[in-house]
Amino acid sequence: MLIPMTRNELTEQIVVSRLAKGLSWQELADAIGRPVVWTTSALLGQHPIPAELGKVLVKMLDLDDSAVAVLAAPPMRGGLPTAVPTDPTIYRFYEALQVYGGAIKEVIHEQFGDGIMSAINFSVDLQKKPHPSGDRVVVTFDGKWLPYQWVSANE
């Protein structure tokens with residue numbers, strides 16, 4: 001009996017295969033016509049990948065065909081290995097939100113009202129911007145505005 005691989009095992013296989021084949025995340029994204037950050041996140045287990053796109057990626061990465069179903073399954077999203085991230089790149093986002101999160105929240109509420117930015121109806125983009133003192137990283141979060149709607153239980 002074939003024992004199906006876990007999502008974590010598949011993620012490890014994806015990372016190893018991508019490196020062994022010399023493929024970039026951008027090349028994988030281009031092959032399925034999706035944004036590079038979304039594709040990378042999906043291959044790291046944070047989004048389901050439609051089966052027809054999963055088949056393309058599985059072939060490129062020389063993975064077992066059973067990986068298509070694992071890629072297409074709704075994932076357990078989020079969750080870092082520690083409460084405070086220890087990876088320096090991820091920690092800098094955490095640090096930036098510690099410093100600027102309150103201010104961002106205040107300005108959002110001042111300009112939009114009481115509500116939240118969706119992380120479901122959402123996109124993220126990453127750009128490299130040349131700068132005389134060293135290249136800059138520009139990250140854009142683009143989420144739908146969701147105003148709080150207080151509704152009585154009787155409505």
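First, the ground rules. Residues are numbered from 1 along each chain as its sequence is written, and side-chain values use heavy atoms, with hydrogens and water left out. As the model is predicted, local features need pLDDT of at least 70 and side-chain atom pairs count only at pLDDT 80 or more, while totals for chains, interfaces and linings use all residues.

Let's start with two helices. Helices here are DSSP runs (H or I, at least four residues), strands are runs of E of at least two, and both are numbered from the N terminus. Two packed helices are described by the angle between their axes and the distance between the axes. Take helix α2, residues 25-32, and α3. Their axes come within 8 Å and cross at roughly 100°. Axes are lines fitted to C-alpha atoms, for helices over the stretch in contact, and angles run from 0 to 180 degrees between N-to-C directions. So α2 and α3 are roughly perpendicular. That label covers 65 to 115 degrees; under 35 is roughly parallel, over 145 roughly antiparallel, and the rest oblique.

Which residues meet there? From α2 come W25, Q26, L28, A29 and I32; from α3 come V36, W38, T39, T40 and L43. Contact means heavy atoms within 4.5 Å. The residues of this contact divide into seven nonpolar, three polar and no charged. Nonpolar means Ala, Val, Leu, Ile, Met, Phe, Trp, Tyr, Cys and Pro; charged means Asp, Glu, Lys and Arg; the others, Gly among them, are polar.

Now zoom in on T39. T39 belongs to helix α3, residues 36-43. Is T39 buried or exposed? T39 is buried, at a relative accessible area of 1%. The cut-offs are under 20% for buried, over 50% for exposed, and partly exposed in between (1.4 Å probe, protein chains only). Leaving aside neighbours within four places in sequence, T39 touches L28, A29, I32 and R34.

The charged end of R34 sits over the ring of W38, 4.9 Å from the ring's centre. That needs NZ of Lys or CZ of Arg within 6 Å of the ring centre and within 35 degrees of the ring normal.

On to ring pairs. The structure holds four aromatic pairs. Rings of Phe, Tyr and Trp (its six-membered ring) pair if their centres lie within 6.5 Å; planes under 30 degrees apart are stacked, over 60 edge-to-face, the rest tilted. One of the four pairs is F112 with W145: centres 5.0 Å apart, planes at 35°, so tilted. F112 is in helix α6 (residues 88-112) and W145 in strand β2 (residues 136-147), so this pair ties together parts 33 residues apart in sequence. Next, Y148 and W150 have ring centres 5.6 Å apart and planes at 15°, so they are stacked. Y148 is partly exposed at 41%, and W150 is exposed at 72%.

Back to helix α6. Y91 sits there, partly exposed at 24%. E110 is also in α6, and E110 is exposed at 69%. E110 and L23 are 87 residues apart in sequence and 44 Å apart in space, C-alpha to C-alpha.

Last, two loop residues. D62 is in the loop between α4 (51-60) and α5 (67-72). D62 is not a glycine, yet has a positive phi of about 55°. P81 is in the loop between α5 and α6, exposed at 83%.
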